Amino acid sequence: MKRFLYELTESWKIAAAQMRANKTRSMLTALGVIIGIVAVTLMGTAISGIQIGFDKSMSVLGEDVLYVEQWPWARVDDWWKYRDRKKIKTEYAEQLNHMIAASPNSNLVIAVPTSSFLRSVKYQDNQVNNVFVLGTTSDFILTSTVDCQEGRFINEIESRGGNNVCVIGYDVADALFPTGNPLNKSVLINGQPFKVVGVNSRQGTFLGLFSWDSLVVIPLPAFKKYFSAKSESDIRVKVKDKTKLADAKDELIGLMRRVRGLPPEKSDDFTVNEQEAFKSTLDPVKNSIAVAGLFITGLSLFVGAIGIMNITFVSVKERTKEIGTRKALGARRQTILLQFLIESTALCLVGGFIGLFFAYLLCLSIASAFPSFPIHFSLGLVLISMFVSVMTGLVSGFAPAWTASRLDPVTALRYE
Amino acid sequence: MNAVIAPPPPEIAVPTATQPRGPVVIDIENISRHYIMGEETVHALRGVTLRIHRNEYIAIMGPSGSGKSTLMNMVGCLDTPSSGRYEFNGKNVSEMNGDELAAIRNREIGFVFQTFNLLPRSNSLHNVELPLIYAGIDPETRERRAMGALQNVGLGDRLHHKPNELSGGQRQRVAIARALVNNPSIILADEPTGNLDSKTGEEIMALFESLYQNGHTIVLVTHELDISRHARRVVHLRDGLIESDNVA
């Protein structure tokens with residue numbers, strides 16, 4: 001054990017001496033690893049950035065909220081089956097709430113209807129198009145992670161009365177009121193005046209597809225009055241205990257079947273969606289992107305590893321006589337194996353450190369140039385990169401080190 | 001001169017009229033070694049029997065192709081015989097594997113090469129420490145013993161010089177210090193003066209002489225008659241066989 005330690009120390013010293021003695025060669029070889037590590041690390045930061053963005057997007061949906069909708073969130077093959085389903089009505093929410101109130105052991109808290117359209121919103125000369133206009137009740141705030149950074153949400157009186165009041169999203173507020181305070185100003189939604197009572201705090205985008213902040217919430221009766229009398233809607237249902245989501249979902253399906261009056265032999269003509277459903281659809285996509293990305297960037301590291309292997313073979317060849325001498329002086333096979341493994345590993349570690357440094361700089365510059373680009377540099381990533389470097393060194397150094405350790409001392413000593 | 005390099009512990013010698021010798025260190029019996037080169041089999045040794053006692057000074061001589069190098073590799077435990085038996089200090093070496101042989105070389109044999117075989121990028125001290133590293137000796141002891149060995153060969157002031165900063169004679173002295181540092185049973189010197197001018201060569205031979213006087217066992221492999229004259233016993237090889245074995 002002690003001997004192993006001494007030999008290990010000796011091997012590190014030799015490796016350092018070798019690098020000092022062959023600076024150019026070592027740098028060029030390490031360059032392969034540097035490029036590989038930069039590529040893999042950047043890919044890693046992008047993947048974890050995407051993951052974090054994804055989780056953030058998901059959390060806006062809420063882990064404890066079920067969505068009653070016509071269409072499932074997952075991809076469907078038999079879309080015609082869903083197309084002909086009856087629309088979900090706003091009135092269902094009230095019926096559901098009655099049933100929830102009637103059963104004290106219910107896993108559900110409250111059902112909220114949400115009707116929506118894309119409309120333009122205007123204040124004086126400023127206009128925002130394609131704003132997500134959401135008609136709902138004052139209970140919406142219970143099912144949402146949104147909070148108001150200024151003002152308040154729609155209250156119950158306004159909600160029931162269908163007053164012309166609205167809560168605007170962060171981006172809408174930003175676009176319509178670049179300087180002033182939006183509270184109590186009157187904005188035009190599709191030509192109808194609504195008084196701003198609150199401004200939402202920033203939510204970010206959903207998977208970079210659309211912004212949660214390009215939103216205007218108005219009372220449902222006002223929505224019906226001005227935009228659609230058809231009372232088509234989705235229904236959000238808040239769950240009491242998110243660990244019992246499955247039970248809650250079953251219960252909600254049962255309630256919805258009662259609302260729809262479905263006989264037992266008929267299948268559901270609605271879908272209860274949840275955040276998890278999204279995840280299960282998107283996870284495979286996300287994972288295959290990650291695997292493909294890491295594989296492709298991994299190839300560059302592989303090329304670097306071949307460089308290391310090559311140079312270690314050269315090193316073994318050049319120092320055959322030295323290996324012979326060491327063997328004559330009592331170096332065992334594992335001593336020589338260790339020596340060359342450490343040499344290749346040391347090269348890879350140096351490459352790894354430099355690569356990580358560059359990757360970090362690149363991350364910083366990307367983050368400052370494109371703030372929305374999902375990138376995330378973490379300690380875990382540093383450790384993984386170092387581990388990958390060491391493994392690269394060990395794997396690429398093994399064949400040459402093995403060759404060296406197997407050299408016949410007599411042949412090695414005679415080698416010129 | 002010799003303070004650190006302890007002479008091998010005295011054992012009960014069996015002096016006879018003709019052979020006033022210590023115990024047997026190397027006991028080679030009828031060994032042969034052949035190599036297969038393509039279709040041909042080369043018989044480098046064809047049955048050599050050789051016994052070397054403690055504190056002998058023996059020269060192995062012979063022209064190239066005589067099997068001299070092969071015998072040296074056998075004696076040095078760098079190679080194992082194709083047939084025959086080789087015992088080193090009573091241990092059967094002919095059956096040992098690579099790592100066991102490495103351990104024997106490390107502890108029992110001090111090599112001195114014609115081309116010195118020093119590590120070019122290491123200083124004298126580190127070169128001499130090398131066998132001690134492989135023996136698993138701790139750093140402090142290593143340095144102390146290596147310094148002692150270097151002082152004993154007269155290089156106490158060249159501890160931190162690298163081989164290219166030393167003369168040929170000094171390099172060979174470093175190599176001898178390295179051979180001695182593990183207190184080996186034998187010193188195996190392969191043409192130790194081959195790369196030196198004759199004056200420096202004589203100095204090195206004087207160093208071997210003093211080592212011998214201090215109780216070391218020396219096996220010298222050479223083709224130079226002048227050099228072999230320093231030894232007390234000369235073995236001549238020819239065509240893989242011992243031609244003569246004369247005690248001076």
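Residues are numbered from 1 along each chain as its sequence is written, and chains are lettered from A and ligands numbered from 1 in the order in which they are written. Because the model is predicted, local features need pLDDT of at least 70 and side-chain atom pairs count only at pLDDT 80 or more, whereas totals for chains, interfaces and linings use all residues.

**Chain A overall**

Chain A holds 13 helices and 12 strands; helices (H or I, at least four residues) and strands (E, at least two) are DSSP runs numbered from the N terminus. Its radius of gyration is 32 Å, well over the 22 Å that the globule rule gives for 416 residues, so chain A is more spread out than a compact globule. The radius is taken over C-alpha atoms, and the rule is 2.2 Å times the number of residues to the power 0.38. Along the principal axes, the C-alpha atoms of chain A fill a box of roughly 100 × 60 × 40 Å.

Of the 416 residues of chain A, 42% count as buried. A residue is buried if 20 or more other C-beta atoms lie within 10 Å of its own, exposed if 12 or fewer, and partly exposed in between, with C-beta atoms placed from the backbone. Among the contacts in chain A with a separation of 6 or more, 82% join residues 24 or more positions apart; two residues are in contact if their C-beta atoms, placed from the backbone, lie within 7 Å.

**The contact between the chains**

Chain A and chain B each give 19 residues to the contact. On the side of chain A, the elements that give two or more residues are α1 (2–21), α10 (320–328), α11 (333–369) and α13 (409–414). The largest share of that side, seven residues, comes from α1(A). By class, the side of chain A that touches chain B has eight nonpolar, three polar and eight charged residues. Here Ala, Val, Leu, Ile, Met, Phe, Trp, Tyr, Cys and Pro count as nonpolar, Asp, Glu, Lys and Arg as charged, and the others, Gly among them, as polar.

Helix α10(A) is mostly covered, with seven of its nine residues buried. The buried residues are E322(A), I323(A), G324(A), T325(A), R326(A), K327(A) and A328(A). Their cover includes α11, α12 and α13 of chain A together with α2 (98–108) and β8 of chain B. Just after α10(A), G330(A) takes a positive phi of about 115°.

Helix α11(A) also packs with α12 (379–406) of chain A, at an angle of about 145° and with the axes 7 Å apart. Axes are lines fitted to C-alpha atoms, for helices over the stretch in contact, and angles run from 0 to 180 degrees between N-to-C directions. The residues of this contact divide into 17 nonpolar, 12 polar and two charged.

**Strands of chain B**

An open sheet of six strands in chain B has the order β8-β9-β10-β5-β11-β12, with mixed pairing. Two strands pair if DSSP finds at least two bridges between them. The edge strands, β8 and β12 (241–247) of chain B, each pair on one side only. From one strand to the next, the twist averages 15°.

Two helices lie across strands of this sheet. Helix α5 (168–180) of chain B lies across β8 and β9 (186–190), running at about 170° to β8(B). Helix α6 (198–213) of chain B lies across β5 (57–61), β9 and β10 (217–222), at about 150° to β10(B).

| Strand pair | Bridges | Residues opposite each other |
|---|---|---|
| β11(B) (233–238) and β12(B) | six bridges | V235(B) and D245(B) |
| β3(B) (24–37) and β6(B) (83–88) | five bridges | I26(B) and F88(B) |
| β6(B) and β7(B) (91–92) | two bridges | F88(B) and K91(B) |

The hairpin of β6(B) and β7(B) has two residues between the strands, and N89(B) takes a positive phi near 50° there.

Most residues other than glycine have a negative phi. In the loop between β8 (109–112) and α3 (124–134) of chain B lies F116(B), with a positive phi near 65°. F116(B) is buried, with 22 other C-beta atoms within 10 Å. N117(B) is in the loop between β8 and α3 of chain B and has a positive phi of about 50°. N117(B) counts as buried, with 22 C-beta neighbours inside 10 Å.
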